[in-house]
2 protein chains.
Amino acid sequence: QTPAKPARLGLCAACHGEDGRARVPETPNLAGQRFDYLLKALRAYKSGQRDVPVMRAALGPLGDAELEQLARWYADLAPCAAGAR
Amino acid sequence: QTPAKPARLGLCAACHGEDGRARVPETPNLAGQRFDYLLKALRAYKSGQRDVPVMRAALGPLGDAELEQLARWYADLAPCAAGAR
């Protein structure tokens, strides 16, 4: 059962795609990535522990539950269906 | 033509697998990830810009050419062949 599309997905999709296939250079593919890793990375971008201004700006207003939703969305995407090459 | 297995692959394989399927919690799958992103991340781990001691220790002795080799190895792995779920 595909998880509901997170309300904030549009924030991520511009660079990472809704399908988790990065649209921008030096930006990771996210499709099929591990949920626990994605959540850890999102928290690190939000806190500034990973110092990437565009990610901090995008995630700033989001609560942890929304971070989980976004991590779940991308983790559940099949990496090859998205042709994540 | 599959690229030669990097000499240092063993360092990465313990956590990330030779096949790019993470073996350890909160550790990313790498199979089919973008080459340019992987190289950027490896350089950030090596410089300490991304502050992860185990990665800094593993990458410390490596030159940039070896980082490129490792990034190429994982980028060229098909994400779904590795079943990167």
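This is a predicted model: local features need pLDDT of at least 70, side-chain atom pairs count only at pLDDT 80 or more; totals for chains, interfaces and linings use all residues.
**View 1. Chain A meets chain B.** Here we look at the contact, to which chain A gives 25 residues and chain B gives 25 residues. Together the two chains bury about 2,000 Å², with 44% of that area on carbon and sulfur atoms. On the side of chain A that touches chain B, helix 2 (residues 35-47) of chain A is the top contributor, giving four residues. That side of chain A is made up of twelve nonpolar, five polar and eight charged residues.

**View 2. Polar pairs across the interface.** Ten residue pairs, with both partners at pLDDT 80 or more, are in polar contact between chain A and chain B. Salt bridges between chain A and chain B, by contrast, number zero.

**View 3. A salt bridge within chain B.** Side chains of opposite charge can pair when their charged atoms come close. Over all chains, the whole structure has 16 salt bridges. One of them joins Arg43(B) to Asp64(B), whose closest N and O atoms are 2.5 Å apart. This pair ties together distant parts of the chain, 21 residues apart: Arg43(B) belongs to helix 2 (residues 35-47) of chain B, and Asp64(B) to helix 4 (residues 64-75) of chain B.

**View 4. Arginine over phenylalanine, in chain A and in chain B.** In chain A, look for Arg72(A) over the face of Phe35(A), 4.1 Å from the ring centre. Turning to chain B, you will find the charged end of Arg72(B) over the ring of Phe35(B), at 4.1 Å from its centre.

Key
Residues are numbered from 1 along each chain as its sequence is written. Chains are lettered from A and ligands numbered from 1 in the order in which they are written. Side-chain values use heavy atoms; hydrogens and water are left out. Contact means heavy atoms within 4.5 Å. Buried area is the accessible area (1.4 Å probe) that two parts lose on being put together, summed over both. A salt bridge is a side-chain nitrogen of Lys or Arg within 4 Å of a carboxyl oxygen of Asp or Glu. A polar contact is a pair of N or O atoms within 3.5 Å; within protein, one must be able to donate a hydrogen and the other to accept it, and residues adjacent in sequence count only if both atoms are side-chain atoms. Helices (H or I, at least four residues) and strands (E, at least two) are DSSP runs, numbered from the N terminus. Ala, Val, Leu, Ile, Met, Phe, Trp, Tyr, Cys and Pro count as nonpolar, Asp, Glu, Lys and Arg as charged, and the others, Gly among them, as polar. A charge sits over a ring if NZ of Lys or CZ of Arg is within 6 Å of the ring centre and within 35 degrees of the ring normal.
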